[in-house]
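I opened this model to look up some side chains and their partners. My notes follow.

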Amino acid sequence: LRSLHTLTLYDAHFDRNGANLAAIVAMPSLRRLCIDGVAFKAWNRVAVRLRKEFKRPSAIVALDLSSIHTPIDRDFDPFDPHPRPEPRLLVPRSAFPNLRHVAVERRFAIADQLASPELETFIGGTASADFVELDRMPNLRHFEAECLCDPQEEDGIEFNAAAAARVSNGLPRLESLANSNTEDVVNNVLRLSGPNAATLKFVDLTSGFVPVTAVALDAALPNATVIQVGGLTYPSAEAAPRQFFRSLSSLRFMHLEDFDGDSKLPATFWDSLNEAAHLEGLWLRSCSGVPGLGRVDGRRLRSLRKIAIHDSRAMFASAGTWRCLAALPALESLSLRQPESWQTAVDGFFQPGGRCASRLQSLELADITSDGCVASVLRGTPGLRSLTFRDCAVDGSCFHAICATGLHDLVVEGDATAIKPAGVNHLAALRELRHVALPTRSA
């Protein structure tokens, strides 16, 4: 394997002295190494063996140590008021001078060992609340860090304002932002005066309920292609964001989950989507406080192909939402989960002859309790290739309304669902069906 460039190992059992692991790390051709599950002692001996036995540093450019097995993993007592500190993981820059991308478990503070201008990706821990190592990592494009300066805090502590200022003003090439105990960092980077918000391509704010300011959510993100937001909280109505970010001309995918607040968001919340001509996917889950899409011109979203609206009551019940969806020129896949307000969707979107509904190729329905409502939906979707029911109280009597003669796949899931013989007989008329999955209780 003299030309091996990339290697991934899962639960590899290396000898404790690290001899064979060091031999792998020292391979001259190896540039990318991922090890999921490695003994702590074996890894820590690698640097010593590189220097003593192989007389050369590693050529690895990207290193991913996703899981480290330590003695503390076996002896950890969650009720111990004085837990032992994590042992120090050794990834010295002298042994890995070519590293540009590194990811280790964030419970290990390695920032001080690896900080250098060559580093572009850093995922790991730091021992300083003000993240002073960032001064030596000016070219970072992506980082996820956790402050471990207090050994009593198993999940790390908040970075302070100095760390937030370093991220906002000292990382001109930052492309990715993810929150991990970094409330100040998130708000400072996204705030209107933050010079780095314009460079961001990937924004992931899904790890915990982080208070994000209205000013931060009103930031301009002209280069962002992916925005994932989950579990954010925002202030009262008078301080709520006027819209959900601005200048989203490069956006491809947006995912909102558990997004709610103490009061109703303004109707202007979705105005920024009118600029998202390249948006391809929109997912909303458990976003009860998010308004409908009535102010969005669906004709301008010419690339939007996939939409999921799950448990988002205001969005689902809004006639403006279905008016927007009905105007989409490229919609192919739609996933809906909501126990009520289906008549609004039927009236505004699933009408027979509707251009957008007729073009749908994939439809997933969940939590519908009426066969009659399902039948109304099915009559308006003649172009379906794939149809899925999840946790719907249907017995198959609605299947007679399937007008999609080219339907290939039909899946019905749910422990409380049973398809009656009459429903199965309706399926027999669909000559193009290739895959059918029905609940085990079906006749």
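I began with serine 94, which is exposed at 65% relative accessibility. My cut-offs, with a 1.4 Å probe and protein chains only, are under 20% relative accessible area for buried, over 50% for exposed, and partly exposed in between. Serine 94 sits in the loop between helix 4 (71-75) and strand 4 (101-104). Helices (H or I, at least four residues) and strands (E, at least two) are DSSP runs, numbered from the N terminus. I also checked serine 58, which is 36 residues from serine 94 along the chain. Their C-alpha atoms are separated by 9.0 Å.

A note on the source: this is a predicted model, where local features need pLDDT of at least 70 and side-chain atom pairs count only at pLDDT 80 or more, while totals for chains, interfaces and linings use all residues. Residues are numbered from 1 along each chain as its sequence is written, and side-chain values use heavy atoms, with hydrogens and water left out.

Next, serine 176. Is it buried or exposed? Serine 176 is buried, at 6% relative accessibility. I place this residue in strand 7. Its side chain makes a polar contact with the side chain of histidine 142, at 2.5 Å. A polar contact is a pair of N or O atoms within 3.5 Å; within protein, one must be able to donate a hydrogen and the other to accept it, and residues adjacent in sequence count only if both atoms are side-chain atoms. I then listed contacts (heavy atoms within 4.5 Å). Leaving aside neighbours within four places in sequence, serine 176 touches Arg141, His142, Phe143, Leu200 and Phe202.

Then I turned to salt bridges: a side-chain nitrogen of Lys or Arg within 4 Å of a carboxyl oxygen of Asp or Glu. I count 17 salt bridges by this rule. Glutamate 175 pairs with arginine 141 at 2.6 Å, N to O. Glutamate 175 lies in the loop between helix 6 (161-170) and strand 7 (176-178), and arginine 141 in the loop between strand 5 (121-126) and strand 6 (142-147), so the bridge ties together parts 34 residues apart in sequence. Glutamate 175 is partly exposed at 21%, and arginine 141 is partly exposed at 24%.

My last pair was glutamate 413 and arginine 390, a salt bridge with its closest N and O atoms 2.4 Å apart. This bridge links strand 16 (residues 409-413) to strand 15 (residues 386-390), its partners being 23 residues apart. Glutamate 413 is partly exposed at 36%; arginine 390 is partly exposed at 25%.
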